[in-house]
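Please look over the sequence and the structure shown here before reading on. The paragraphs that follow lead through it part by part.

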Amino acid sequence: MAIAHKFKFWVLAGSTFLLLLGACTTTQKTVEFSEKEQKDYLQKGQMVAQQSFAALSGRLMAAIEQGGIPHAVKYCNAAALPLIDSLSNVHQANIRRTSLKVRNRQDVAQGWEKEVLEAYQGLLAEGKKPAPVVKKLDPKRVAFAAPIFMAQPCLKCHGKLGETLNEQHYAAIKQLYPQDQAIGYVDGDWRGMWSITFFTK
Ligand code: HEC
């Protein structure tokens with residue numbers, strides 16, 4: 001009998017705990033995120049993503065012109081992340097690119113990023129176009145995501161092997177990224193997304 005009583009107590013304690021947890025989750029979900037704030041962060045996110053894209057692709061194109069694809073790949077390997085880090089500092093944000101099929105393991109999707117990538121994938125499967133989104137993660141962090149699509153110049157490093165992607169060039173890529181998953185794309189394909197976390201204070 002005593003055991004049964006004890007058990008009941010624990011069940012009761014357990015459900016109180018669940019209730020409390022439930023209460024916490026509810027408060028977290030209702031963190032203020034006004035329409036105006038959402039609009040502002042969407043705008044800001046798009047501006048930062050465009051600026052980051054311009055910085056990256058400008059340097060990349062210059063590196064291709066200077067030393068061809070293998071040189072540009074090495075350049076990208078050494079410079080892409082530091083460049084994005086310095087832009088992150090300027091904007092008090094964490095700027096990243098992520099995808100369901102990554103080249104650099106450091107770009108594997110985390111937590112909310114994976115949810116957005118899967119939502120984008122779902123939209124595309126229904127023939128819809130993914131759009132930029134914002135989400136308040138907690139009182140101090142706002143997340144922004146925007147889809148990334150492939151364009152013709154990207155295929156030189158992410159295209160179809162032996163067609164748009166030269167085999168020798170790919171050997172140079174594989175040397176740096178032995179686990180690369182980011183090839184086989186055609187112009188206009190969905191590639192991944194920008195992930196920008198703004199620190200609000
Ligand atoms: C010169 C070769 C080259 C070209 C051209 C190129 N990329 Fe990449 N891409 C890379 C390399 C190398 C990485 C890994 C960078 C790193 O280590 O941070 C990468 C990484 C990425 C990532 C980050 C996610 C991941 O898989 O790690 C995205 C997104 C991406 N590329 C999209 C594009 C798009 C869009 C274009 C065209 C506008 C493009 N790339 C053109 C070589 C290239």
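His-158 lies in helix H4, which covers residues 155-158; helices (H or I, at least four residues) and strands (E, at least two) are DSSP runs numbered from the N terminus. The model is a predicted one, in which local features need pLDDT of at least 70 and side-chain atom pairs count only at pLDDT 80 or more, while totals for chains, interfaces and linings use all residues. Residues are numbered from 1 along each chain as its sequence is written, and side-chain values use heavy atoms, with hydrogens and water left out.

The NE2 atom of His-158 is the single donor that the protein gives to the iron atom of the ligand, at 2.2 Å. Donors here are N, O and S atoms within 2.8 Å of the metal (3.2 Å for Na, K and Ca), and since water is not among the atoms, sites may look incomplete.

Elsewhere in the fold, 4 strands make an open sheet in the order E1-E4-E3-E2, with antiparallel pairing, where two strands pair if DSSP finds at least two bridges between them. Strand E1 (93-98) and strand E2 (133-138) each have a single partner strand, so one side of each of these edge strands is left without a neighbour in the sheet. From one strand to the next the twist averages 20 degrees. Strands E2 and E3 (residues 141-149) run antiparallel and are joined by 5 bridges, forming a hairpin with 2 residues between them; within this pair, Lys-136 stands opposite Val-142 in E3.

Helix H2 (residues 35-91) packs on the sheet and touches E1, E2, E3 and strand E4 (190-199), contact meaning heavy atoms within 4.5 Å. The direction of H2 makes about 125 degrees with that of E4, whereas helix H3 (residues 111-125), lying across E1, E2, E3 and E4, runs at about 145 degrees to E4. These angles run from 0 to 180 degrees between N-to-C directions, with axes fitted as lines to C-alpha atoms, for helices over the stretch in contact.
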